[in-house]
Amino acid sequence: MDNVISENYEDEGEICEKVTQITRQQSHVQDQNSYLGQQIPIRCIKSCSPQYSDQFDWGNDKCKVSFFECMRLDKRKTTSVYRQTQESVSYSLKGEMNALIYYKLFDDECKYIVKEISENLVELNCNIYLEQKQFDEIAELTHTNRLFVFNQESIPLIALIIVVGGDGTVLYALRQFQGSEPPPILAFQKGTLGFMCVFDLKDKYNILSQQIGHFRTAGQFIVERKLRLKGCLKQAGQKQFEYHVLNEFVISRGANPHCLYIEIYINNVLLTVASGDGIIVSTPTGSTAYFLSAGGPIIQNEVSSISIAPICPLSLSFRPIVLPTCLQITIKLANQCRANGFICADGQATIEFSKDMIFEIQQSENFVSIIQDKSDIDYSEWIVNLRKKLGWNKVFTEQKKQKSNL
(Lines give C-alpha, C1' and ligand atoms only; values in the text may rest on other atoms or scores of the structure.)
Protein backbone atom coordinates (compact mmCIF):
# COMPACT_ATOMS: atom_id res chain seq x y z
CA MET A 1 0.00 0.00 0.00
CA ASP A 2 1.32 3.42 -0.91
CA ASN A 3 2.36 5.72 1.91
CA VAL A 4 1.14 9.20 1.12
CA ILE A 5 1.28 12.52 2.87
CA SER A 6 -1.45 14.52 1.20
CA GLU A 7 -3.45 17.65 1.78
CA ASN A 8 -6.69 15.84 2.60
CA TYR A 9 -5.59 12.78 4.56
CA GLU A 10 -8.45 11.89 6.92
CA ASP A 11 -7.34 8.90 9.02
CA GLU A 12 -7.60 10.72 12.36
CA GLY A 13 -7.87 14.31 11.29
CA GLU A 14 -6.10 16.61 8.89
CA ILE A 15 -2.60 16.30 7.60
CA CYS A 16 0.06 18.72 6.47
CA GLU A 17 0.38 20.21 3.02
CA LYS A 18 1.43 17.92 0.22
CA VAL A 19 5.03 17.00 0.85
CA THR A 20 5.84 13.78 -0.99
CA GLN A 21 4.67 10.35 -2.06
CA ILE A 22 6.45 7.02 -1.70
CA THR A 23 5.42 4.38 -4.23
CA ARG A 24 5.74 0.60 -4.21
CA GLN A 25 8.56 0.67 -6.69
CA GLN A 26 10.75 2.66 -4.30
CA SER A 27 12.76 1.09 -1.53
CA HIS A 28 10.49 1.39 1.51
CA VAL A 29 13.16 0.82 4.11
CA GLN A 30 15.62 3.28 2.67
CA ASP A 31 13.08 6.03 1.95
CA GLN A 32 11.15 5.74 5.19
CA ASN A 33 14.32 5.86 7.24
CA SER A 34 15.32 9.03 5.45
CA TYR A 35 11.96 10.64 6.26
CA LEU A 36 12.20 9.73 9.93
CA GLY A 37 15.01 12.19 10.37
CA GLN A 38 13.63 14.83 8.03
CA GLN A 39 12.71 18.26 9.32
CA ILE A 40 9.38 19.51 8.02
CA PRO A 41 8.94 23.30 7.79
CA ILE A 42 6.70 24.68 10.51
CA ARG A 43 4.25 26.19 8.07
CA CYS A 44 3.41 22.69 6.79
CA ILE A 45 2.15 21.35 10.10
CA LYS A 46 -1.64 21.23 10.25
CA SER A 47 -1.94 19.63 13.67
CA CYS A 48 0.05 17.52 16.10
CA SER A 49 -1.32 14.80 18.32
CA PRO A 50 -0.76 15.46 22.05
CA GLN A 51 0.48 11.88 22.48
CA TYR A 52 3.68 12.83 20.72
CA SER A 53 6.34 15.02 22.27
CA ASP A 54 7.11 17.15 19.24
CA GLN A 55 10.46 18.90 19.27
CA PHE A 56 10.36 22.53 18.20
CA ASP A 57 13.69 23.94 17.08
CA TRP A 58 13.00 27.67 17.07
CA GLY A 59 16.59 28.54 16.33
CA ASN A 60 16.18 27.61 12.69
CA ASP A 61 12.36 27.77 12.57
CA LYS A 62 11.95 24.05 11.95
CA CYS A 63 9.61 21.53 13.51
CA LYS A 64 11.09 18.06 13.90
CA VAL A 65 8.23 15.66 13.25
CA SER A 66 8.91 12.17 11.95
CA PHE A 67 7.26 10.64 8.90
CA PHE A 68 4.96 8.33 10.87
CA GLU A 69 4.29 10.82 13.67
CA CYS A 70 3.03 13.28 11.08
CA MET A 71 0.48 10.71 9.89
CA ARG A 72 -1.17 10.28 13.30
CA LEU A 73 -3.13 13.40 14.02
CA ASP A 74 -5.97 14.62 16.18
CA LYS A 75 -8.51 16.91 14.53
CA ARG A 76 -9.53 18.93 17.59
CA LYS A 77 -6.45 19.18 19.81
CA THR A 78 -4.36 21.17 17.38
CA THR A 79 -1.39 23.42 17.75
CA SER A 80 -1.49 27.04 16.74
CA VAL A 81 1.90 26.87 15.05
CA TYR A 82 0.59 25.24 11.87
CA ARG A 83 -0.96 28.37 10.41
CA GLN A 84 1.11 31.23 11.72
CA THR A 85 4.16 32.64 10.04
CA GLN A 86 7.53 31.38 11.22
CA GLU A 87 8.35 34.89 12.40
CA SER A 88 5.30 35.29 14.65
CA VAL A 89 5.66 31.83 16.24
CA SER A 90 9.37 32.15 16.88
CA TYR A 91 8.87 35.67 18.22
CA SER A 92 6.06 34.59 20.56
CA LEU A 93 7.96 31.67 22.07
CA LYS A 94 11.07 33.73 22.68
CA GLY A 95 9.12 36.20 24.75
CA GLU A 96 6.94 38.84 23.15
CA MET A 97 3.60 38.03 21.57
CA ASN A 98 1.54 40.15 19.18
CA ALA A 99 -2.16 40.10 20.08
CA LEU A 100 -4.94 41.63 17.98
CA ILE A 101 -7.98 42.82 19.96
CA TYR A 102 -11.54 43.32 18.70
CA TYR A 103 -14.34 44.42 20.98
CA LYS A 104 -18.06 45.00 20.62
CA LEU A 105 -18.81 48.20 18.72
CA PHE A 106 -20.82 51.00 20.35
CA ASP A 107 -20.36 49.52 23.82
CA ASP A 108 -18.68 51.97 26.19
CA GLU A 109 -18.22 49.34 28.88
CA CYS A 110 -16.15 47.24 26.49
CA LYS A 111 -13.63 50.06 26.10
CA TYR A 112 -12.74 49.96 29.78
CA ILE A 113 -12.62 46.17 29.75
CA VAL A 114 -10.19 46.26 26.82
CA LYS A 115 -8.14 48.88 28.65
CA GLU A 116 -7.70 46.41 31.53
CA ILE A 117 -6.93 43.56 29.13
CA SER A 118 -4.32 45.73 27.38
CA GLU A 119 -2.63 46.47 30.71
CA ASN A 120 -2.69 42.74 31.51
CA LEU A 121 -1.12 41.93 28.16
CA VAL A 122 1.66 44.45 28.72
CA GLU A 123 2.44 42.70 32.01
CA LEU A 124 2.59 39.43 30.06
CA ASN A 125 5.11 40.95 27.60
CA CYS A 126 2.67 41.30 24.70
CA ASN A 127 2.18 43.93 22.02
CA ILE A 128 -1.40 45.04 21.37
CA TYR A 129 -2.86 45.72 17.91
CA LEU A 130 -6.23 47.37 17.22
CA GLU A 131 -7.98 48.78 14.18
CA GLN A 132 -7.65 52.54 13.82
CA LYS A 133 -10.99 53.57 15.36
CA GLN A 134 -10.63 51.26 18.36
CA PHE A 135 -6.96 52.19 18.68
CA ASP A 136 -7.95 55.85 19.10
CA GLU A 137 -10.47 54.95 21.81
CA ILE A 138 -8.07 52.78 23.82
CA ALA A 139 -5.12 55.15 23.36
CA GLU A 140 -7.13 57.82 25.20
CA LEU A 141 -7.59 55.52 28.19
CA THR A 142 -4.15 53.99 28.53
CA HIS A 143 -0.60 55.17 27.94
CA THR A 144 1.77 52.53 26.69
CA ASN A 145 4.26 52.28 23.87
CA ARG A 146 3.08 48.74 23.09
CA LEU A 147 -0.14 49.80 21.41
CA PHE A 148 -0.13 49.64 17.59
CA VAL A 149 -2.55 50.24 14.69
CA PHE A 150 -3.53 47.04 12.87
CA ASN A 151 -3.42 46.91 9.07
CA GLN A 152 -2.91 44.36 6.31
CA GLU A 153 0.87 44.51 6.73
CA SER A 154 0.45 43.47 10.38
CA ILE A 155 -1.36 40.18 9.60
CA PRO A 156 1.78 37.96 9.42
CA LEU A 157 2.89 39.23 12.84
CA ILE A 158 -0.29 38.40 14.77
CA ALA A 159 -0.11 35.28 16.96
CA LEU A 160 -3.41 35.62 18.84
CA ILE A 161 -6.80 37.30 18.39
CA ILE A 162 -8.68 38.39 21.51
CA VAL A 163 -12.40 39.12 21.15
CA VAL A 164 -14.55 40.88 23.74
CA GLY A 165 -18.18 40.64 22.67
CA GLY A 166 -20.44 38.02 21.14
CA ASP A 167 -20.43 35.82 18.05
CA GLY A 168 -21.06 38.89 15.88
CA THR A 169 -17.78 40.41 17.08
CA VAL A 170 -15.98 37.19 16.12
CA LEU A 171 -17.48 37.41 12.62
CA TYR A 172 -16.44 41.05 12.41
CA ALA A 173 -12.85 40.12 13.30
CA LEU A 174 -12.73 37.46 10.57
CA ARG A 175 -13.29 40.04 7.81
CA GLN A 176 -9.56 40.75 7.76
CA PHE A 177 -8.61 37.07 7.35
CA GLN A 178 -10.27 36.07 4.10
CA GLY A 179 -7.21 34.86 2.24
CA SER A 180 -5.78 32.71 5.03
CA GLU A 181 -6.57 31.04 8.32
CA PRO A 182 -6.79 33.51 11.18
CA PRO A 183 -4.69 33.07 14.33
CA PRO A 184 -6.40 31.25 17.22
CA ILE A 185 -9.25 33.27 18.74
CA LEU A 186 -9.61 33.77 22.50
CA ALA A 187 -13.18 34.98 22.95
CA PHE A 188 -14.64 36.58 26.10
CA GLN A 189 -18.43 36.69 26.43
CA LYS A 190 -19.82 40.23 26.38
CA GLY A 191 -22.64 39.91 23.89
CA THR A 192 -26.31 39.06 23.70
CA LEU A 193 -25.81 35.47 22.59
CA GLY A 194 -22.40 33.86 22.19
CA PHE A 195 -21.86 30.20 21.40
CA MET A 196 -18.21 30.77 20.44
CA CYS A 197 -17.33 32.99 23.40
CA VAL A 198 -16.42 30.44 26.08
CA PHE A 199 -14.45 32.52 28.59
CA ASP A 200 -15.75 34.70 31.42
CA LEU A 201 -14.49 38.25 31.81
CA LYS A 202 -14.47 37.98 35.61
CA ASP A 203 -11.30 35.90 35.49
CA LYS A 204 -9.73 37.47 32.40
CA TYR A 205 -6.22 38.01 33.78
CA ASN A 206 -5.80 34.40 34.92
CA ILE A 207 -7.20 33.14 31.61
CA LEU A 208 -4.80 35.30 29.60
CA SER A 209 -1.89 34.27 31.77
CA GLN A 210 -2.71 30.56 31.53
CA GLN A 211 -3.31 30.52 27.77
CA ILE A 212 -0.28 32.61 26.82
CA GLY A 213 1.90 30.78 29.32
CA HIS A 214 0.76 27.43 27.94
CA PHE A 215 1.60 28.52 24.41
CA ARG A 216 5.06 29.71 25.41
CA THR A 217 5.72 26.45 27.22
CA ALA A 218 4.12 23.87 24.94
CA GLY A 219 4.06 25.76 21.63
CA GLN A 220 0.30 25.24 21.24
CA PHE A 221 -3.21 26.29 22.17
CA ILE A 222 -6.09 23.88 22.75
CA VAL A 223 -8.59 24.79 20.05
CA GLU A 224 -11.81 23.72 18.44
CA ARG A 225 -11.57 23.76 14.67
CA LYS A 226 -14.59 25.21 12.90
CA LEU A 227 -15.07 24.86 9.17
CA ARG A 228 -15.80 27.78 6.88
CA LEU A 229 -17.52 27.94 3.51
CA LYS A 230 -16.03 29.67 0.50
CA GLY A 231 -18.42 31.46 -1.84
CA CYS A 232 -17.32 32.68 -5.25
CA LEU A 233 -19.57 34.89 -7.40
CA LYS A 234 -18.80 34.76 -11.11
CA GLN A 235 -20.08 36.74 -14.08
CA ALA A 236 -19.10 35.76 -17.62
CA GLY A 237 -16.43 33.50 -16.14
CA GLN A 238 -14.83 36.34 -14.17
CA LYS A 239 -14.68 36.35 -10.39
CA GLN A 240 -16.64 39.28 -8.96
CA PHE A 241 -16.70 38.45 -5.26
CA GLU A 242 -15.23 35.89 -2.86
CA TYR A 243 -15.79 35.46 0.86
CA HIS A 244 -15.09 32.81 3.50
CA VAL A 245 -17.95 32.57 6.02
CA LEU A 246 -18.03 30.99 9.45
CA ASN A 247 -21.83 31.14 9.78
CA GLU A 248 -23.72 31.39 6.52
CA PHE A 249 -24.41 32.81 3.08
CA VAL A 250 -27.87 34.34 2.71
CA ILE A 251 -29.33 34.76 -0.78
CA SER A 252 -32.37 36.98 -0.38
CA ARG A 253 -34.67 39.36 -2.25
CA GLY A 254 -33.64 42.32 -0.06
CA ALA A 255 -35.96 45.28 -0.60
CA ASN A 256 -37.35 43.72 -3.79
CA PRO A 257 -41.13 43.16 -3.33
CA HIS A 258 -41.13 40.14 -5.65
CA CYS A 259 -40.13 36.65 -4.53
CA LEU A 260 -37.01 34.99 -5.89
CA TYR A 261 -36.81 31.82 -7.97
CA ILE A 262 -33.46 30.25 -7.07
CA GLU A 263 -32.01 27.28 -8.93
CA ILE A 264 -29.94 25.07 -6.61
CA TYR A 265 -27.46 22.62 -8.12
CA ILE A 266 -25.49 19.95 -6.23
CA ASN A 267 -22.37 18.92 -8.15
CA ASN A 268 -24.00 20.44 -11.26
CA VAL A 269 -27.18 18.37 -10.83
CA LEU A 270 -30.39 20.36 -10.28
CA LEU A 271 -31.77 19.86 -6.77
CA THR A 272 -34.75 22.22 -6.92
CA VAL A 273 -35.97 25.67 -7.84
CA ALA A 274 -36.68 27.37 -4.51
CA SER A 275 -39.30 30.12 -4.63
CA GLY A 276 -39.72 32.54 -1.75
CA ASP A 277 -37.74 35.18 0.11
CA GLY A 278 -34.45 33.33 -0.39
CA ILE A 279 -32.27 30.56 0.98
CA ILE A 280 -29.56 30.14 3.63
CA VAL A 281 -26.44 28.01 3.11
CA SER A 282 -24.97 27.35 6.54
CA THR A 283 -22.10 25.71 8.41
CA PRO A 284 -22.66 23.75 11.67
CA THR A 285 -21.55 26.90 13.52
CA GLY A 286 -24.21 28.94 11.75
CA SER A 287 -26.94 26.40 12.50
CA THR A 288 -27.74 28.25 15.76
CA ALA A 289 -27.98 31.64 14.01
CA TYR A 290 -30.26 32.82 11.17
CA PHE A 291 -30.44 29.25 9.88
CA LEU A 292 -32.21 28.20 13.10
CA SER A 293 -34.74 31.03 12.79
CA ALA A 294 -35.53 29.85 9.25
CA GLY A 295 -36.49 26.41 10.59
CA GLY A 296 -33.18 24.63 10.04
CA PRO A 297 -31.83 21.94 12.39
CA ILE A 298 -29.17 22.53 15.05
CA ILE A 299 -25.98 20.74 14.00
CA GLN A 300 -23.19 19.91 16.42
CA ASN A 301 -19.80 21.29 15.35
CA GLU A 302 -18.22 17.81 15.07
CA VAL A 303 -20.68 16.98 12.27
CA SER A 304 -18.88 18.19 9.16
CA SER A 305 -21.66 19.37 6.87
CA ILE A 306 -23.19 22.07 4.67
CA SER A 307 -26.89 22.82 5.16
CA ILE A 308 -29.50 24.59 3.03
CA ALA A 309 -32.76 26.04 4.32
CA PRO A 310 -35.43 28.10 2.49
CA ILE A 311 -36.58 31.49 3.82
CA CYS A 312 -40.38 31.79 3.81
CA PRO A 313 -40.85 29.43 0.82
CA LEU A 314 -43.94 29.60 -1.38
CA SER A 315 -43.90 25.82 -1.62
CA LEU A 316 -43.68 23.80 1.61
CA SER A 317 -42.29 20.78 -0.28
CA PHE A 318 -38.71 22.10 -0.10
CA ARG A 319 -37.41 21.42 3.41
CA PRO A 320 -33.98 22.06 5.01
CA ILE A 321 -31.33 19.64 3.79
CA VAL A 322 -27.95 18.60 5.27
CA LEU A 323 -25.14 17.67 2.86
CA PRO A 324 -21.57 16.40 3.18
CA THR A 325 -18.80 18.95 2.76
CA CYS A 326 -17.33 17.22 -0.28
CA LEU A 327 -20.16 18.52 -2.48
CA GLN A 328 -20.21 21.79 -4.39
CA ILE A 329 -23.34 23.94 -4.39
CA THR A 330 -24.12 26.20 -7.34
CA ILE A 331 -26.75 28.93 -7.08
CA LYS A 332 -28.44 30.72 -10.00
CA LEU A 333 -31.45 33.00 -10.36
CA ALA A 334 -34.11 31.52 -12.65
CA ASN A 335 -35.28 33.41 -15.74
CA GLN A 336 -38.70 34.10 -14.20
CA CYS A 337 -37.16 36.31 -11.50
CA ARG A 338 -38.46 39.86 -11.85
CA ALA A 339 -35.56 41.54 -10.05
CA ASN A 340 -32.08 40.87 -8.72
CA GLY A 341 -31.32 39.34 -5.36
CA PHE A 342 -28.58 39.96 -2.82
CA ILE A 343 -25.87 37.80 -1.27
CA CYS A 344 -24.97 38.51 2.35
CA ALA A 345 -21.87 36.84 3.83
CA ASP A 346 -21.87 36.43 7.63
CA GLY A 347 -23.72 39.75 7.90
CA GLN A 348 -20.43 41.49 7.03
CA ALA A 349 -20.51 41.90 3.25
CA THR A 350 -23.41 42.25 0.78
CA ILE A 351 -23.36 42.19 -3.02
CA GLU A 352 -26.07 42.29 -5.67
CA PHE A 353 -26.86 39.00 -7.42
CA SER A 354 -28.22 39.12 -10.98
CA LYS A 355 -29.50 36.45 -13.39
CA ASP A 356 -26.30 36.43 -15.44
CA MET A 357 -24.23 35.45 -12.38
CA ILE A 358 -23.31 32.10 -10.82
CA PHE A 359 -22.60 31.68 -7.13
CA GLU A 360 -20.47 28.64 -6.20
CA ILE A 361 -20.20 27.45 -2.59
CA GLN A 362 -17.87 24.79 -1.21
CA GLN A 363 -15.91 24.00 1.92
CA SER A 364 -13.11 26.48 2.55
CA GLU A 365 -9.57 25.28 3.06
CA ASN A 366 -9.18 27.92 5.80
CA PHE A 367 -10.65 26.84 9.13
CA VAL A 368 -11.18 28.95 12.26
CA SER A 369 -9.58 27.91 15.57
CA ILE A 370 -11.46 28.88 18.74
CA ILE A 371 -9.41 28.47 21.92
CA GLN A 372 -11.01 26.16 24.50
CA ASP A 373 -10.49 25.72 28.23
CA LYS A 374 -10.27 21.92 28.00
CA SER A 375 -8.96 19.43 25.47
CA ASP A 376 -11.72 16.80 25.66
CA ILE A 377 -15.07 17.23 23.91
CA ASP A 378 -17.74 17.45 26.61
CA TYR A 379 -21.06 16.76 24.89
CA SER A 380 -22.95 17.04 28.18
CA GLU A 381 -21.66 20.58 28.62
CA TRP A 382 -22.60 21.39 25.02
CA ILE A 383 -26.16 20.16 25.61
CA VAL A 384 -26.54 22.12 28.86
CA ASN A 385 -25.09 25.25 27.22
CA LEU A 386 -27.45 24.90 24.27
CA ARG A 387 -30.46 24.52 26.54
CA LYS A 388 -29.53 27.58 28.62
CA LYS A 389 -28.72 29.89 25.72
CA LEU A 390 -31.83 29.02 23.73
CA GLY A 391 -34.03 29.00 26.82
CA TRP A 392 -35.69 25.68 26.00
CA ASN A 393 -38.84 25.08 28.08
CA LYS A 394 -38.15 28.29 29.97
CA VAL A 395 -41.55 29.82 29.19
CA PHE A 396 -43.43 26.70 30.28
CA THR A 397 -41.35 26.41 33.45
CA GLU A 398 -42.05 30.04 34.37
CA GLN A 399 -45.76 29.55 33.70
CA LYS A 400 -45.85 26.56 36.03
CA LYS A 401 -44.08 28.55 38.74
CA GLN A 402 -46.54 31.43 38.37
CA LYS A 403 -49.52 29.07 38.60
CA SER A 404 -48.09 27.34 41.65
CA ASN A 405 -47.60 30.71 43.37
CA LEU A 406 -51.27 31.51 42.87
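How many helices and strands make up the secondary structure of the chain? The count is 9 helices and 23 strands. The model is predicted, and the legends below take it view by view.

**Figure 1. Overview of the whole chain in the predicted model.**
The chain has 406 residues, and 48% of them count as buried. Its exposed surface comes to about 19,500 Å². Carbon and sulfur atoms supply 48% of that surface. Among contacts with a separation of 6 or more, 68% join residues 24 or more positions apart.

**Figure 2. Confidence along the chain, with a view of residues 1-85.**
The average pLDDT of the chain is 79. A score of at least 70 is reached by 73% of the residues. Over residues 1-85, pLDDT stays under 50. For this stretch the model has 166 contacts beyond four places in sequence.

**Figure 3. Leu260 in strand E15.**
Is Leu260 buried or exposed? Its relative accessible area is 0%, so Leu260 is buried. Leu260 and Arg338 lie 78 residues apart in sequence, yet their C-alpha atoms are 7.8 Å apart in space.

**Figure 4. Thr142 in the loop between helix H4 and strand E8.**
Helix H4 covers 132-141 and strand E8 covers 147-149. Thr142 sits in the loop between them. Its relative accessibility is 9%, under the 20% limit, so Thr142 counts as buried. Apart from residues up to four places away in sequence, Thr142 touches Lys115, Glu119 and Leu147.

**Figure 5. Gln210 on helix H6, with Asp373.**
Helix H6 spans residues 204-218 and holds Gln210. Gln210 counts as exposed because its relative accessibility is 56%, over the 50% limit. In sequence, Gln210 and Asp373 are 163 residues apart. In space, the two are 9.7 Å apart, C-alpha to C-alpha.

**Figure 6. Helix H8 and Gly391.**
Helix H8 runs over residues 379-390, 12 residues in total. From its first C-alpha to its last, H8 reaches 16 Å. That is close to the 16 Å expected at 1.5 Å a residue. Just after H8 comes Gly391, with a positive phi of about 65°.

**Figure 7. Cys197 and Cys344.**
How many disulfides does the structure hold? The number is 0. Cys197 has a relative accessibility of 6%, so Cys197 counts as buried. Cys344 has a relative accessible area of 22% and is partly exposed.

Methods. Residues are numbered from 1 along each chain as its sequence is written. This is a predicted model: local features need pLDDT of at least 70, side-chain atom pairs count only at pLDDT 80 or more; totals for chains, interfaces and linings use all residues. Side-chain values use heavy atoms; hydrogens and water are left out. Helices (H or I, at least four residues) and strands (E, at least two) are DSSP runs, numbered from the N terminus. Buried means under 20% relative accessible area, exposed over 50%, partly exposed in between (1.4 Å probe, protein chains only). Contact means heavy atoms within 4.5 Å. Accessible areas come from the Shrake-Rupley method with a 1.4 Å probe; for residues, only the protein chains shown count as cover. A disulfide is a pair of cysteine sulfur atoms within 2.5 Å. The expected span of a helix is 1.5 Å times one less than its number of residues. pLDDT is the predictor's confidence in each residue, from 0 to 100.
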